[in-house]
Amino acid sequence: MKDTFYLNISTADALGIGLFKYSLFPQEKFIITNSTLAHILGYQSKNELKKEKWDSLFLNPQDKDVFLQTLRKEGKVKFFETLFKTKENKSIWVAITASKVLTKTQHEYLEGIIENISAHKDTQEILSIERNLLQSLLDNIPDAIYFKDHLNRIIKVNKFYTQGIGLKSEEIIGKTDYDFFPNEQAKQMFEDDNQVLRTGSPIIGKIEHTLLPNGTWNQVITTKIPIYDQKGKIIGTMGMTRDITAYANLEKERRAMLINALKVLGKALEMRDPYTFSHTRHVASIAERIGKALNWSEDRLLGMRLAGELHDLGKIGIPLDILNKPGNLSDLEYLLIQEHVKKCYDLIKDIQFPFPLAETIYQHHERLDGSGYPRQLSNNEILLEAKILAVSDVLEAVTHYRPYREALGIKKAQEELEKGKGSKYDKTVVDIAIDLINKNGEEVFWLND
Ligand SMILES: [Fe+2]
Ligand SMILES: [Fe+2]
C-alpha cells in the first residue's frame with residue numbers, strides 16, 4: 001500500500017526512530033512499539049509504554065484533535081510536529097508520520113513513526129531568538145546600517161537608513177549608492193566598497209560629508225567591513241554610518257571659543273607692544289597663504305593661522321625695553337629674547353588641539369642646517385608648519401619696520417629667503433612664498449588678508 005511504512009523494529013531502533021502500531025477501533029491500545037519510542041518518551045520498556053493510551057501522549061488536547069481530524073480526512077499525516085508528554089510529565093517535541101489502516105474486519109489501526117525533534121526545535125528557537133535580536137538591534141540602532149553584495153548593490157538596510165533616505169526598504173534593495181547620492185559622492189563610496197572587497201581590510205571611522213535627499217549636508221563617520229561566506233570568500237560589505245553633524249558643530253563651537261580666548265591673549269600682547277601684534281597678524285596671513293598653496297585642509301589651515309598669530313606670544317614675558325631696544329643687543333639681552341619660544345610653548349603646551357600648535361611655535365626659530373634655536377633641530381626634525389612659520393616670520397620681519405631699524409622692504413626679504421633657501425629655509429616653502437610675492441608685484445600681499 002502506498003505511503004505505508006515497511007520499517008522493521010530493529011531497523012527503526014538502529015536509526016533512533018520510534019515505531020508504533022496502535023489500535024483505534026474496536027479497542028484502543030498499542031499493538032506494537034519499539035524500544036526507541038519507549039526511550040524517547042521516558043519509559044523503561046516497550047511493555048510499560050504499551051499500557052498508555054494514544055490520547056494521553058499529547059501535551060495539548062487541541063493538537064491531538066487536529067492530528068486525528070487530518071488523519072480521518074486524508075488517511076495519513078506527514079511530519080506532524082507536536083509536544084508529547086514523557087512519563088515524567090516533561091514536554092518533548094516529536095514529529096509523527098502515520099497512516100490509518102482499516103482492515104476487512106473493520107479494525108482501525110494507526111501505524112507510523114515518531115521522531116524526537118527537540119534538538120532541532122531548540123536550534124530553531126535559538127536561531128529565531130538570534131534573528132529577532134539582530135533585527136531589533138538593526139531597527140533600533142540610531143545609525144544607518146547597510147549590507148551590499150560584491151557589485152555594491154544594496155541587499156539589506158535597517159530602519160534608520162530607510163528614514164534617512166526617505167524611501168521604503170523595497171525601493172532601496174537592489175539599487176546602488178548612485179541611485180541616492182550625488183555622482184561624486186557615490187563614486188567615492190563605490191571606491192571605498194571596492195577597496196574593502198579587494199583587500200579585505202575594513203575602513204574604520206572615515207569622516208565624510210554627505211548630501212541627503214532633503215538637500216541638507218551632514219557630517220558622518222563611516223565604518224565598512226567585508227562579509228565572508230562559509231568558505232572565507234568575500235561576498236560583500238557591511239557598512240555603518242553615524243551622523244555626527246551635531247557633535248561636529250559642537251566641536252566647532254568649542255574650538256571657536258578656544259581660539260577666541262587665545263585671540264584675547266594676542267590682544268593683550270598688542271596692548272603692550274603694537275609692533276609685535278601687527279607682525280604676528282601678518283605672519284599668520286602669510287603662513288595661511290602658503291598652506292593654501294599646498295592644498296591643506298581647513299583644519300590644518302586653521303592651525304597654521306593660529307600658530308602665526310601666537311608665535312611671538314612669549315614676548316609678553318620679556319621686558320619692553322629689551323624687546324624694543326633700538327640698536328644692538330647684548331649677548332644676554334639676545335638670550336632673553338630667544339626665550340620667547342619656550343615661554344610661549346610653556347603657556348599653551350597643555351591645551352589640546354587637533355594640530356601641533358605648541359610644537360610648531362616652539363620650532364619657529366629653528367633652521368634646516370641646525371643653526372637656529374632653541375634646540376638646534378635640523379631638517380627632518382622640524383615640522384612643515386614650523387618651516388612655513390620660519391619663512392613667513394622672516395619675510396614679514398625683514399619687510400617691515402622694527403624698533404631697531406627701518407623697514408628693509410619686500411625685495412630685501414626676498415633676497416634673504418633666496419640666500420637661505422635649502423640651507424636655512426625649506427626650498428618648497430621659499431618657492432611658494434616667492435611665487436606669491438611675484439604674483440603681487442611690489443605690493444605686500446598679506447596686508448589685504
Ligand atoms: Fe619669534
Ligand atoms: Fe616673529
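Predicted model: local features only at pLDDT ≥ 70, side-chain atom pairs only at ≥ 80, totals over all residues.
**Reading a helix and a sheet**

Reader: Which exposed residues does the face of H9 turned away from its buried side carry?

Author: That face carries Asn183, Glu184, Glu191, Arg198 and Thr199. Residues are numbered from 1 along each chain as its sequence is written, with chains lettered from A and ligands numbered from 1 in the order written.

Reader: Which residues of H9 are buried?

Author: An α-helix has 3.6 residues a turn, so residues three or four places apart point the same way. Here the buried ones are Met189, Asp193, Val196 and Leu197. They lie on the same side of H9, because their arc around the axis is only 100° (taken from the directions from the helix axis to the C-beta atoms). Helices (H or I, at least four residues) and strands (E, at least two) are DSSP runs, numbered from the N terminus.

Reader: In what order do the five strands of the open sheet stand?

Author: Strands of a sheet pair through backbone hydrogen bonds, either parallel or antiparallel. This sheet reads S2-S1-S5-S4-S3, with antiparallel pairing; a pair needs at least two DSSP bridges. S2 (29–33) and S3 (76–85) are at the edges with a single partner strand each, so one side of each lacks a neighbour in the sheet.

Reader: How many bridges join S3 to S4?

Author: Eight, and the two strands run antiparallel. Lys76 stands opposite Ser99 in S4.

Terms used. Buried ≥ 20, exposed ≤ 12 C-beta atoms within 10 Å, placed from the backbone.
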